[in-house]
Each structure stands twice: as C-alpha cells, then as structure tokens.
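Subject: Structure handover

Hello,

Here is the structure I promised to pass on. Please open it alongside this note.

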Amino acid sequence: MDKKILLVAAVLGVTAIILGAFGAHALKKVLSVEQLATFEVGVRYQMYHALFLLFIGTFAFLGEKERAIIFYLTITGVLFFSGSIYFLATNTITNLKTKFLGPITPIGGLFLVSAWGYFFYAVLSKKH
C-alpha cells in the first residue's frame, strides 16, 4: 500500500505542476481572471494533497488500514474537488455541460476534510 500511495502522490504532484503551467500559460489567454483563479484553486488543492499522500505513505506511525482509509478518502476528494473545479473553470472553452458538477465540488471537499479528520483521529488514538 505504501508504494501505491507514493505512486499516486507522484502522479498527483506531476499533474498538478503540468496543469498549473498549462493554466498560467495556455489558459491565461482564453479564460477570465475569475475562471483562471478558480482553476488555480483546483491545482493548489491537488498539490497540497499530493504532498499529504507523500507524507502518509512514509509515515510509519500509522497502520496499514489507517493509511488505506486516508488514501481512499484523499484520492476521492481530489478527484471530486479538483476535478470538478477544472471542468467548471474551463466550461466556456470546452462547451461541456458542467452545471451538474457544482454540487460535486463540496462533496470532494468533504472527502478531503474527512481524510484530514481521520488522520487526526488515527494519530490521537495511538497509545504509544
């Protein structure tokens, strides 16, 4: 599981860098300032959680089950939160019907908060 967590952290990290560069250069010309700022929020949260998973994958204090729960909460949260933001921010250039994604963003945020909350709980409940 540690290898899987670290690999996903690396993928999230590299794609956050690519998407951030894409937003700063290519999308800057076609999106409004507000849309670009929204897109950047998705990139930022994706990178934060790539680093979080990198930490979780190397943090020996947590058990395998605890790491797995945090991993799945985090990856679901990033996909829902950042993924929906990317589509919502770029809907004027993709012409995709993205209105249904609006409620997905806070659900993704709830998964991210749950991952951090579970991490807090897991650390707090350790006896040693």
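The buried residues of α2 pack against α1 (2–25), α3, α4 (91–94) and α5. Those buried residues are Gln35, Leu36, Phe39, Gly42, Val43, Gln46, His49, Ala50, Phe52, Leu53, Ile56 and Gly57. Buried means under 20% relative accessible area, exposed means over 50%, and partly exposed lies in between (1.4 Å probe, protein chains only). Contact means heavy atoms within 4.5 Å. Helices are DSSP runs (H or I, at least four residues), strands are runs of E (at least two), and both are numbered from the N terminus.

A word on the source: this is a predicted model, where local features need pLDDT of at least 70, side-chain atom pairs count only at pLDDT 80 or more, and totals for chains, interfaces and linings use all residues. Residues are numbered from 1 along each chain as its sequence is written, and side-chain values use heavy atoms, with hydrogens and water left out.

The chain as a whole

The chain has 5 helices and 0 strands. Along the sequence the pattern reads α-α-α-α-α. Along the principal axes, the C-alpha atoms fill a box of roughly 55 × 25 × 20 Å. Of the 128 residues in the chain, 38% are buried. Take the contacts between residues at least 6 apart in sequence: 79% of them join residues at least 24 apart.

Helix α2

The 26 residues of α2 should span 38 Å at 1.5 Å a residue, and the end C-alpha atoms are 38 Å apart, which agrees. The expected span is 1.5 Å times one less than the number of residues.

Gln35 lies in α2. With a relative accessible area of 18%, Gln35 is buried. Setting aside neighbours within four places in sequence, Gln35 is in contact with Ala89, Asn91 and Thr92.

α2 with α3

The axes of α2 and α3 come within 9 Å and cross at roughly 165°. Axes here are lines fitted to C-alpha atoms, for helices over the stretch in contact, and angles run from 0 to 180 degrees between N-to-C directions. α2 and α3 are therefore roughly antiparallel to each other. Angles under 35 degrees count as roughly parallel, over 145 as roughly antiparallel, 65 to 115 as roughly perpendicular, and the rest as oblique.

α2 passes α3 in a left-handed crossing. A crossing is left-handed if the near helix is turned anticlockwise from the far one by less than a right angle, and right-handed if clockwise.

On the α2 side, the residues that meet α3 include Phe39, Val43, Phe52 and Leu53. On the α3 side they include Ile70, Phe71, Val78 and Phe81. By class, this contact of α2 with α3 has 14 nonpolar, 7 polar and 1 charged residues. Ala, Val, Leu, Ile, Met, Phe, Trp, Tyr, Cys and Pro count as nonpolar; Asp, Glu, Lys and Arg as charged; the others, Gly among them, as polar.

Ile85 sits in helix α3. At 7% relative accessibility, Ile85 counts as buried. Beyond neighbours within four places in sequence, Ile85 is in contact with Thr38, Phe39, Val41, Gly42 and Thr105. Ile85 and Leu101 are 16 residues apart in sequence, and their C-alpha atoms are 8.2 Å apart in space.

Helix α5

Helix α5 (residues 104–124) has 21 residues. From first C-alpha to last, α5 reaches 30 Å, close to the 30 Å expected at 1.5 Å a residue. The buried residues of α5 are Thr105, Gly108, Gly109, Leu112, Ala115, Tyr118, Phe119 and Ala122. They pack against α2 (33–58) and α3 (64–89).

How does α5 sit against each partner?

- α2 and α5 pack at an angle of about 25°, with their axes 12 Å apart. α2 and α5 are therefore roughly parallel to each other. The crossing of α2 and α5 is left-handed. Tyr45, His49, Phe52, Phe55 and Ile56 in α2 meet Leu112, Ala115, Trp116 and Phe119 in α5. The residues of this contact divide into 8 nonpolar, 1 polar and no charged.
- α3 and α5 pack at an angle of about 155°, with their axes 7 Å apart. That makes α3 roughly antiparallel to α5. α3 passes α5 in a left-handed crossing. The contact of α3 with α5 has 16 nonpolar, 8 polar and 1 charged residues.

Best wishes
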